[in-house]
Amino acid sequence: MHAIASPPDESQRNHIVLYELDSGASLVLTRPEPHSDSFPVFSPDGRTIAFLRSFTWSQREVMTVPVSGGEPSRLTYDRRPVWGLAWTASGQEIVYSANRGGGEALWRIGRDGGAPERVLVTSQTAFHPAISRAGNRLAYTEEFTDTNIRLYSGPEFNESAVPIRSTREDHSPRFSPDGQR
């Protein structure tokens, strides 16, 4: 049995669907009118699916639904961007990536909700977490921008140097009035 986000319906909504590869049988678990559901992940015991419900393109919440069907439960109420989720090995918590202010970071929340707690990692941006089955390893995508300003000189602008280098985004260079800086 697989959990998938369905292709968009006539209203451009995705649903969480259980799909049996061998037989082709399927069961629609969520009907998120007027919203859309995606990124389903089975709990370690296989009884629950965590997923993301999109209220707008940039407002998603972490939800769960029993594999046997029923009304989904909403775990978060931030109305912020959420970028992926993973169950802990115990199945008692869900780790997810969200911008709850201060950039994308990893957060954990209990399987029944509660106050999210920040997962301390060294990254300034963390997306799409994954947790090993043993529960002793966490992987995630780190994304950052390091844009440098380059200076070309010479009669054909063919001599290059990098006069400004940093760990952040640098852009929009301007020469000083005397052309020396």
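A nonpolar core is a set of buried Ala, Val, Leu, Ile, Met, Phe, Trp, Tyr and Cys residues that are joined through side-chain atoms within 4.5 Å, and buried here means a relative accessible area under 20%. The model discussed below is a predicted one.

**Nonpolar cores**

The largest nonpolar core has 13 residues, and those with the most contacts inside it are Val62, Val82, Leu85, Ile94 and Tyr96. At least two residues of this core come from each of the strands β5 (48-56), β8 (82-87), β9 and β10. Leaving aside residues up to four places away in sequence, Val82 touches Leu52, Arg60, Val62, Tyr96, Ser97 and Ala98. There is also a second, separate core of nine residues, which includes Leu18, Met63, Val65 and Val67.

**Charged pairs**

Side chains of opposite charge can pair when their charged atoms come close. A search of the whole structure finds six salt bridges, and the table gives some of them.

| Salt bridge | Closest N and O atoms |
|---|---|
| Glu33 and Arg13 | 3.9 Å |
| Arg74 and Glu61 | 3.4 Å |

Consider the salt bridge between Glu33 and Arg13. Glu33 lies in the loop between β3 (26-28) and β4 (36-42), while Arg13 lies in the loop between β1 (2-5) and β2 (16-19), so this pair ties together parts of the chain that are 20 residues apart in sequence. Glu33 is exposed, with a relative accessible area of 57%, whereas Arg13 counts as buried at 12% relative accessibility.

Arg74 and Glu61 also form a salt bridge, and this pair links distant parts of the chain, with Arg74 in strand β7 (residues 73-74) and Glu61 in strand β6 (residues 59-66), 13 residues apart. Arg74 counts as partly exposed at 25% relative accessibility, but Glu61 counts as buried at 0%.

Elsewhere, salt bridges that share partners join Asp9, Arg13 and Glu33 into one network.

Definitions and conventions
Residues numbered from 1 in each chain as written. Predicted model: local features only at pLDDT ≥ 70, side-chain atom pairs only at ≥ 80, totals over all residues. Heavy atoms only, no water. Salt bridge = Lys/Arg side-chain N within 4 Å of Asp/Glu carboxyl O. Helix = DSSP H or I, 4+ residues; strand = E, 2+ residues; numbered from the N terminus. Buried < 20%, exposed > 50% of the residue type's maximum accessible area, 1.4 Å probe, protein only. Contact = heavy atoms within 4.5 Å.
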